[in-house]
Amino acid sequence: MEVVGLLCVVAAVLAWGVLWVWDSAERTATPERAGLLGVGSRTLLVIAHPDDEAMFFAPTVLGLARLKHRVSLLCFSAGNYYNQGEIRKKELLQSCDVLGIPPSRVMIIDNRDFPDDPGVQWDTEQVARTLLQHVEANGIGLVVTFDAGGVSGHSNHIALHTAVRALHSEGKFPKGCSVLTLQSVHVLRKYLSLLDLPCSLLHTQDVLFVLTSEEAAQAKKAMSCHQSQLLWFRRLYVLFSRYMRINSLDFL
């Protein structure tokens, strides 16, 4: 009984510490982020499949909303791997609406050039050309996408990073257009939810978004729009993944 009591005390102290750090981060990080990101920018979130926006980027989308960014979304596939493309397009629009992105600012590419298939390597030049056209046509000042690990290691996620990095390194983005990439983390950290916050604070170099309880509920609601994808293991993901509460991002 003494051991159980001690464990309860340790758990309570740990939980209090995490919440205190979280609260401190919420109070102090916003001005810093505003300085790095610029208030009111036109931002483009670039994803590979419907549900990426909620499953991986919800803290970023909601965090940018705090900074009054005008967020648009470019999805490079309809998610038709299991012939559910039409359903998933509708789910994406519903999810984006929950996250505050109206249908007029959502672009879904649905063609053979970018199939939803981890076994197919998307052509880097074609991805880059399509992305650059969208950036230039919409006056985008900030592009947000995956890093080289693609969070889940999916080849379609990594293809987006490869194309963005190529555009950035070749200086093809418009002047003043910045790029943020979402940090991939070790699988052990991936499922710690808010318990990963101290580690995130230590390892985040550029931008950290942490959701409040109200925003976390909003993120879960967005993910619930993707009913075709909510298999049992994804329901566990929603409960335990840090990406539903925390996003650490780096500038290229």
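Predicted model: local features only at pLDDT ≥ 70, side-chain atom pairs only at ≥ 80, totals over all residues.
Asp-52 itself belongs to helix H2, which covers residues 52–55. What about a charged partner for this aspartate? Asp-52 is buried but goes without a salt bridge. With a cut-off of 4 Å for such a bridge, the nearest side chain of opposite charge, that of Arg-88, is out of range at 6.1 Å. Leaving aside residues up to four places away in sequence, Asp-52 touches Ile-47, Phe-57, Phe-146 and His-157.

Two of those neighbours, Phe-57 and Phe-146, turn up again in an aromatic cluster, together with Phe-56, Tyr-191, Tyr-237 and Tyr-243. Overall, the structure holds ten aromatic pairs. One of them joins Phe-56 to Tyr-243, with ring centres 6.3 Å apart and planes at 85°, so the arrangement counts as edge-to-face. Because Phe-56 is in the loop between H2 and helix H3 (58–66), while Tyr-243 is in the loop between helix H11 (232–240) and strand E7 (246–251), this pair ties together parts that are 187 residues apart in sequence. Both Phe-56 and Tyr-243 are buried.

Another edge-to-face pair is made by Phe-76 and Phe-114, at 5.1 Å centre to centre and 80° between the planes. Here Phe-76 comes from the loop between strand E2 (70–75) and helix H4 (85–99), and Phe-114 from the loop between strand E3 (106–108) and helix H5 (124–137), so the pair links parts that are 38 residues apart in sequence. Phe-76 and Phe-114 are both buried too.

That leaves helix H3. Seven of its nine residues are buried, so H3 is largely enclosed by the rest of the structure. Which residues of H3 are the buried ones? They are Ala-58, Pro-59, Thr-60, Val-61, Leu-62, Gly-63 and Leu-64. H3 is followed by Lys-68, which has a positive phi, near 65°.

Notes: Residues numbered from 1 in each chain as written. Heavy atoms only, no water. Helix = DSSP H or I, 4+ residues; strand = E, 2+ residues; numbered from the N terminus. Buried < 20%, exposed > 50% of the residue type's maximum accessible area, 1.4 Å probe, protein only. Lys, Arg positive; Asp, Glu negative; His and termini not counted. Contact = heavy atoms within 4.5 Å. Phe/Tyr/Trp six-rings, centres within 6.5 Å; stacked < 30°, edge-to-face > 60°.
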